[in-house]
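Here is a short note for a colleague who is opening this structure for the first time. Please read the points with the view beside you.

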Amino acid sequence: QIAEVDVLKKEFVEFYDGMRVFRNEFNKIISKKIESSAAAYEIIDEQLLKLIDLEAQVVKNNKLEELFELQISKYSETADTRRDLKMMKFVWDMKTLIAHLYDSWKQQLWSDIDTEKLVDQNKEILKSLRKYSAENQVVKGWKVYQAMEEDIQKMNVILPLIDELHSPAMRDRHWNRLASMCGVDEVEPANPKFTFNDMVKLDIHLQKELIEDLVSGAAKEIGRAHV
């Protein structure tokens with residue numbers, strides 16, 4: 001029996017070492033940039049299958065330890081990995097949801113855009129994300145989380161600008177100036193097919209102050225015309 005126990009102890013040490021390797025590899029995988037939600041979900045599935053096998057082995061090992069009156073081994077790696085996979089799934093679900101939401105916004109016709117409603121939705125998204133990251137600090141270090149927060153903040157700049165550009169004071173000459181600012185030949189919001197995305201593609205968030213000045217100037221011109 002002593003020989004059998006020695007063999008088991010050796011196997012447990014090897015299993016522990018393998019567990020550490022798994023956890024280190026897992027940490028490397030989730031810290032890298034993942035290109036798409038499809039790739040992320042594939043990784044989550046692969047890692048979950050590996051984790052399930054390891055958890056089953058832990059149960060077997062613990063039963064043998066109990067049988068041979070050995071100290072019961074605890075493996076924080078399994079609980080930590082299961083927690084991280086849940087967080088990873090949540091963050092990628094959130095990213096996928098936001099991508100679909102923004103895609104639906106981008107298809108809206110210029111004349112139909114309700115910026116106030118979209119601003120409120122965007123604020124709620126950011127609030128939910130910040131609440132989750134406050135409770136799960138580790139996600140703040142993930143590239144996917146940082147990219148998502150960046151996208152939301154960018155939209156927080158774009159939406160008020162789109163609201164301003166709906167000003168009735170805007171004339172063809174102002175739209176021509178906007179086109180020049182954004183390095184395009186023309187901007188045609190009067191075109192019935194002009195969409196939210198047509199404006200987003202101009203990277204208006206990079207011209208925030210110039211656009212605010214443009215709309216403000218257009219309003220002043222109207223004011224002077226009525227004096």
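**Notes on the structure**

1. Start with a charged pair. D80 forms a salt bridge with R83, and the closest N and O atoms are 3.5 Å apart. Keep in mind that this is a predicted model. D80 and R83 are three residues apart in helix α3, so about one helical turn separates them. D80 counts as partly exposed, at 24% relative accessibility. R83 is partly exposed too, with a relative accessible area of 41%.

2. Stay on helix α3 for another pair. The side chains of K89 and D93 meet in a salt bridge, at 2.8 Å from N to O. Both residues lie in α3, four residues apart, which is about one turn of the helix. K89 is partly exposed, with a relative accessible area of 38%. D93 is also partly exposed, at 30% relative accessibility. As for shared partners, salt bridges join R23, D80, R83 and D84 into one network.

3. R23 forms a salt bridge with D84, with the closest N and O atoms 2.7 Å apart. R23 lies in helix α1 (residues 2-31) and D84 in helix α3 (residues 76-106), so the pair ties together parts that are 61 residues apart in sequence. Are R23 and D84 buried or exposed? R23 is buried, and so is D84. How many salt bridges are there? The count comes to 12. As background, side chains of opposite charge can pair when their charged atoms come close.

4. Now the overall plan. The secondary structure of the protein chain comes to eight helices and zero strands. From the N terminus on, the elements run α-α-α-α-α-α-α-α.

5. Next, the dimensions. Along its principal axes, the C-alpha trace of the protein chain spans about 105 × 30 × 25 Å. The radius of gyration of the protein chain is 28 Å. A compact globule of 227 residues would have one near 17 Å.

6. Consider burial and surface. Buried residues make up 37% of the 227 residues in the protein chain. The chain exposes about 14000 Å², and carbon and sulfur atoms supply 53% of that area. Among contacts between residues at least 6 apart in sequence, 77% join residues at least 24 apart.

7. The largest nonpolar core has 59 residues. Which members touch the most other members? They are W142, L165, L178, F196, M199 and I204. The elements that give two or more residues to this core are α1, α2 (37-67), α3, α4 (115-135), α5 (143-165), α6, α7 (196-200) and α8 (208-225). The largest share, 10 residues, comes from α5. Another core, of five residues, lies apart from it, with V5, L8, F68 and L70 among them. In soluble globular proteins, nonpolar side chains tend to be buried together.

8. Leaving out residues up to four places away in sequence, F196 touches W105, K106, Q108, W110, I113, L118, M155, L159 and I162.

9. M87 is found in helix α3. It is buried, with a relative accessible area of 3%. What does M87 touch, not counting residues up to four places away in sequence? Its contacts are Y132, N136, V138, V139 and W142. M87 and V139 are 52 residues apart in sequence, but 7.5 Å apart in space, C-alpha to C-alpha.

10. Finish with helix α6 (residues 172-182). Its buried residues are H174, W175, L178, A179 and C182. Why do they fall on the same side of α6? They cover an arc of only 145° around the axis, which puts them on the same side. After α6 comes G183, whose phi is positive, near 70°.

Note on methods: Residues numbered from 1 in each chain as written. Predicted model: local features only at pLDDT ≥ 70, side-chain atom pairs only at ≥ 80, totals over all residues. Heavy atoms only, no water. Buried < 20%, exposed > 50% of the residue type's maximum accessible area, 1.4 Å probe, protein only. Arc of directions from axis to C-beta. Salt bridge = Lys/Arg side-chain N within 4 Å of Asp/Glu carboxyl O. Core = buried A, V, L, I, M, F, W, Y, C linked by side-chain atoms within 4.5 Å. Contact = heavy atoms within 4.5 Å. Rg over C-alpha atoms; globule rule 2.2 N^0.38 Å. Areas by Shrake-Rupley, 256 points an atom, 1.4 Å probe, with all protein chains shown as cover.
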